Amino acid sequence: MSLASRLAQAEAFLTERTGYPWSLAAWKNRKLPGGQSWGHALGFGLAALLLLQMFSGLAMTLYYSPSTANAWASVVYFEQEVPFGTFVRALHYHGTNALIIVTGLHLLYVVLNAGYRRPREAAWWAGLLLIAVLMAAAMTGALLPWDDQGYWASRVEIGIMGTAPVVGNQVQQIALGGNDLGNTTLTRYFTAHAIVMPVLLAGIVWLHVSLVKLHPAGAFAPQRSVPTVYWPKQALRDAMFALFAVAVVFAIAARFPAPLEGPADPSGGYPARPIWYFRPLFELRRHFEGPTEPVATMLLPGLAGLFLASLPFLDRGQTWRQRAPFVGPVLLGAALAIFSTSASLQRDARDKAYQEDRAESRSRAERARLAAKSGVPPQGALYMLQNTPESHGAKIYADRCVGCHMVGGRGSDKPKGPDLGGWATHDWLTGVIAHPEAPEFFGHSRVGGMDPYEKLGPTKLDALAAFLSQLRKYPNTPAEKLPAAFKSEVELFQTEGCDSCHSLTPGEASGATNLSGYGSDAWLIGLFVAPSSDVYFGSDNEMPSYKDKLSERDMLDVIAYLNLIREKPVQSRTGAIEVAAP
Amino acid sequence: MSEDLPLSPADLPSQDRRRFLVVAGTGLGACGVALLPFVSSLVAPVGRRTVRFASDPFDVGAISDFHVDEPRRVAIRGRITDGWQADERDLGAAWITRHSDGRWTAFSSICPHLGCAIDYTGKKELPFLCPCHESTFSLDGAAEKGPSPRGLDALPIKIEGERVLVEFHRYVLNQKHQVES
């Protein structure tokens, strides 16, 4: 039996049972009166990208947990523990970007070729509806990781929903699942994103494609080339473009993981920005203040949508001149969108304060991911992050230490002890050796008696400071047992007379603070327990003992916090007194 | 079947037509009623408070923790019920100012425009600034420039002995008048 007759048999088999006229020939010979073109391939490329989204999305739903306590942790788990997890999530993220860009190109192509003319209006409207559903899918998806970016962007979007006339409040509450963003919001958004949108997309795509195929050409069909049929020229272009689009997404996803900020903190100060494809609206809104804001967020976009929908009736001309008043605004709109997105991104790039905030958010996200490796407690990732040793230490510091110690020039207005910003670093030590009586060191303290050693000169000061800043690595180690590399510094320490008051022998009191293991955990705990001991600050000391007030765990947490601010002194850029909690 | 069914209600004699409409109407009505539980899942939240927290005053510190004419941001930590979950976490934050004339003011750090966290710039002219859309507010919370429809939300604050107490409330965003949410 020949291939052709086998095929005919198979087609007849399917047709008889399904009622649908299966025919490979009909598919191959679909007429294209305008000839083949790459522009036609854009739609097929979109279908391929949608399929990519469905697969990558499905893979993620195998691991995702839609509750405020678990969502972020489940996404991080997927990325860190599941093979190709980061790649799959990146595919989904960059796939969205690709979908939006190709949709834009597809729309422009259709407008330029007036592909919506009679009798194809319905296909065009189905296409516009698809854009709306795509935007809704993008918006709902962004909230699902419950990270700072998704949370705050959704907060703004839901806030905008509330400004809709008449039904604004009700729509907002239905979207929120109540009175505020929380568990019920996340479950609704998940339902919308993973169930409702895919069904809608599949249905409307099927409708759109059926309608397009029903009318191979509209009343205005620019002749691209000789009229042809689908196979092989257009089929080849479709396949190649789809492959190209998917390959580009794969390539970008392999190199750039999807962004993930730290767990959403409802009380936090995250520098919120909309995702790039909403930036044009973000920019537009800047020109409308207060009560006129709905003009930018609803009226103008609504009018733009209406204009696009009406194009089949408005754009009836045959020459470019006749078409210009309708095609022109579309091209202008596209250009404005691109330009305003770029301008908005550039403005943010130049905004120092914003960049600092973003850097802080990124480091917070890193800390959270690291902590999540050992598992997230049932209260969730935010709880985990807020109860790390550093953040617990920050709270203890704010309760107990801020009254007497400044950090980086900020803090107590009646300081009694040294400024702890950069404490025990090379620079701090250089300063305290040169001028211990300075107000940022022991100037306010009753503890005194050390001469300023500025006279030693920069070289010797530098050597001593460098040496002392390393001592925290050698607790309980007498000077003789220190590494040979420090031999010359130890000698300097002795020849300049430092050791006449400061001993380097563990536990020895010789008139001033013992510097053995200076800055180590053991040294600090000893200080917290007995600051008035002769091994520390002696009888002139004003710092209270924390022996009965803090557990050893508490002390270690404070030390963790002190280590944190040693590298980066806390200095709220807004000038407010604030002890930063991670 | 030997008899052809009538093509439309208009073909039926009037009594049968009435009966058809009654049956069809009841059928559709029954379908609508059957759908109600599902629709109710969607719209039940309207008017419901799914996110709740205590409005008892929170202790935010000692009087001496606040320096005169220097707003300080204090995180408010308390018990919250979010849908089916009970938790204790930061509910939000308040900007608390101890004024030189002895007054105390507390403002919610949630921008009344679209909910971003308010910053303090340290400048005397326009001290409070929202980094999202650049709404600015005076030290007394009044809205100056920017898209915010109202000023900062004042929170009830009182002094008990040496302690400062603040009640935390959340308000509906982007409204001219303050409405508790």
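Predicted model: local features only at pLDDT ≥ 70, side-chain atom pairs only at ≥ 80, totals over all residues.

A:P232 sits in helix 10 (residues 230-255) of chain A; I take helices (H or I, at least four residues) and strands (E, at least two) as DSSP runs numbered from the N terminus. The bond joining A:W231 to A:P232 is a cis peptide, with omega about 5 degrees.

Residues count from 1 along each chain as its sequence is written, chains are lettered from A and ligands numbered from 1 in the order written, and side-chain values use heavy atoms, with hydrogens and water left out.

I found another cis peptide between A:R118 and A:P119, omega about 0 degrees. A:P119 lies in the loop between helix 5 (85-112) and helix 6 (121-143) of chain A.

Next, positive phi in non-glycine residues. A:N476 has phi near 55 degrees and belongs to the loop between helix 18 and helix 19 of chain A. I looked up its accessibility: A:N476 is exposed at 62% relative accessible area (buried is under 20%, exposed over 50%, partly exposed in between; 1.4 Å probe, protein chains only). B:E134 has phi near 60 degrees, in the loop between strand 7 (128-129) and strand 8 (136-137) of chain B, and is partly exposed at 42%. For background, most residues other than glycine have a negative phi, and most peptide bonds are trans.

On to the interface. I get 48 residues from chain B and 47 from chain A in contact (heavy atoms within 4.5 Å). Which salt bridge did I look at between B:R170 and A:D180? Their side chains meet at 2.9 Å, N to O; the rule wants a side-chain nitrogen of Lys or Arg within 4 Å of a carboxyl oxygen of Asp or Glu. The interface has 2 salt bridges by that rule. On the side of chain B that touches chain A, helix 1 (14-43) and strand 3 (72-82) are among the elements giving two or more residues, and strand 4 gives the most, with 8.

Last, the cores (buried Ala, Val, Leu, Ile, Met, Phe, Trp, Tyr and Cys joined through side-chain atoms within 4.5 Å). The largest has 47 residues, with A:W423 and A:F493 among those with the most contacts inside it. Helix 21 (552-567) of chain A is one of its suppliers and gives the most, 6 residues.
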